[in-house]
Amino acid sequence: VSPLVVYAERETFSAEVNWTVPTATDNSGFKPSINSNYHPPRRFLQGNYLVTYSAVDQSGNKAICSFTVAVKGKV
């Protein structure tokens with residue numbers, strides 16, 4: 001999977017990044033609990049960041065979704 005690439009604003013060396021939050025469903029009818037290390041919108045400095053979402057249902061089943069955000073400086 002390719003990273004989500006954004007370009008930093010010139011004077012701040014950072015960028016505000018927005019993405020669609022993953023969803024999870026369970027056949028029990030109860031909504032799984034979803035946690036993440038970052039939430040949109042989020043301002044990131046130049047660099048690479050791993051955004052991870054985990055979903056856990058009432059039975060303890062777990063699913064993980066992750067992607068990389070790459071903030072690059074403008075040339």
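Trainee: Which residues does arginine 42 touch, not counting residues up to four places away in sequence?

Mentor: This is a predicted model, so read every contact as a property of the prediction. Arginine 42 touches Ala15, Glu16, Val17 and Trp19 once residues up to four places away in sequence are set aside. Arginine 42 itself lies in strand S4.

Trainee: Which side chain makes a polar contact with serine 14?

Mentor: That of arginine 43, at 2.9 Å. Serine 14 also has a list of touching residues: Ala8, Glu9, Arg43, Phe44 and Leu45, again without residues up to four places away in sequence.

Trainee: Phe44 is on that list. What does phenylalanine 44 touch?

Mentor: Leaving out residues up to four places away in sequence, phenylalanine 44 touches Ser14, Ala15, Val17, Trp19, Tyr38, Tyr49, Val69 and Val71.

Trainee: How should I read a nonpolar core?

Mentor: Start with the general idea. In soluble globular proteins, nonpolar side chains tend to be buried together. Now this case. The largest nonpolar core has 13 residues, and Trp19, Phe44, Val51, Val69 and Val71 touch the most other members. Strands S2, S5 and S6 each supply at least two residues of this core.

Trainee: And how do I read aromatic pairs?

Mentor: A pair of aromatic rings is described by the distance of the centres and the angle of the planes. The structure holds 5 such pairs. Take tryptophan 19 and phenylalanine 44: they are stacked, 6.3 Å centre to centre with 25° between the planes. This pair links distant parts of the chain, 25 residues apart. Tryptophan 19 sits in the loop between S2 and S3, and phenylalanine 44 in strand S4, residues 42-45. Both residues are buried.

Trainee: Which residues form the aromatic cluster?

Mentor: Trp19, Tyr38, Phe44, Tyr49 and Phe67 form one cluster.

Trainee: Next, the sheet. What is the order of its strands?

Mentor: The order is S1-S6-S5-S3, in an open sheet of 4 strands with mixed pairing. Strand S1 (4-7) and strand S3 (33-36) stand at the edges with a single partner strand each, so one side of each is left without a neighbour in the sheet. From one strand to the next, the twist averages 20°.

Trainee: In what sense do strand S5 and strand S6 pair, and over how many bridges?

Mentor: Antiparallel, over 10 bridges; S5 covers residues 47-56 and S6 residues 62-72. For one example, follow tyrosine 53 to its bridge partner in S6, cysteine 65.

Trainee: Last, the backbone angles. Which peptide bond is cis?

Mentor: The bond from proline 40 to proline 41, with omega near -15°. Proline 41 is found in the loop between S3 and S4.

Trainee: What is phi of phenylalanine 13?

Mentor: It is near 55°, a positive value in a residue other than glycine. Phenylalanine 13 has its place in the loop between S1 and S2.

Notes:
Residues numbered from 1 in each chain as written. Predicted model: local features only at pLDDT ≥ 70, side-chain atom pairs only at ≥ 80, totals over all residues. Heavy atoms only, no water. Pairing = 2+ DSSP bridges. Axes fitted to C-alpha atoms, helices over the stretch in contact; angles between N-to-C directions. Polar contact = N/O pair within 3.5 Å; in protein donor to acceptor, adjacent residues only side chain to side chain. Contact = heavy atoms within 4.5 Å. Core = buried A, V, L, I, M, F, W, Y, C linked by side-chain atoms within 4.5 Å. Buried < 20%, exposed > 50% of the residue type's maximum accessible area, 1.4 Å probe, protein only. Phe/Tyr/Trp six-rings, centres within 6.5 Å; stacked < 30°, edge-to-face > 60°.
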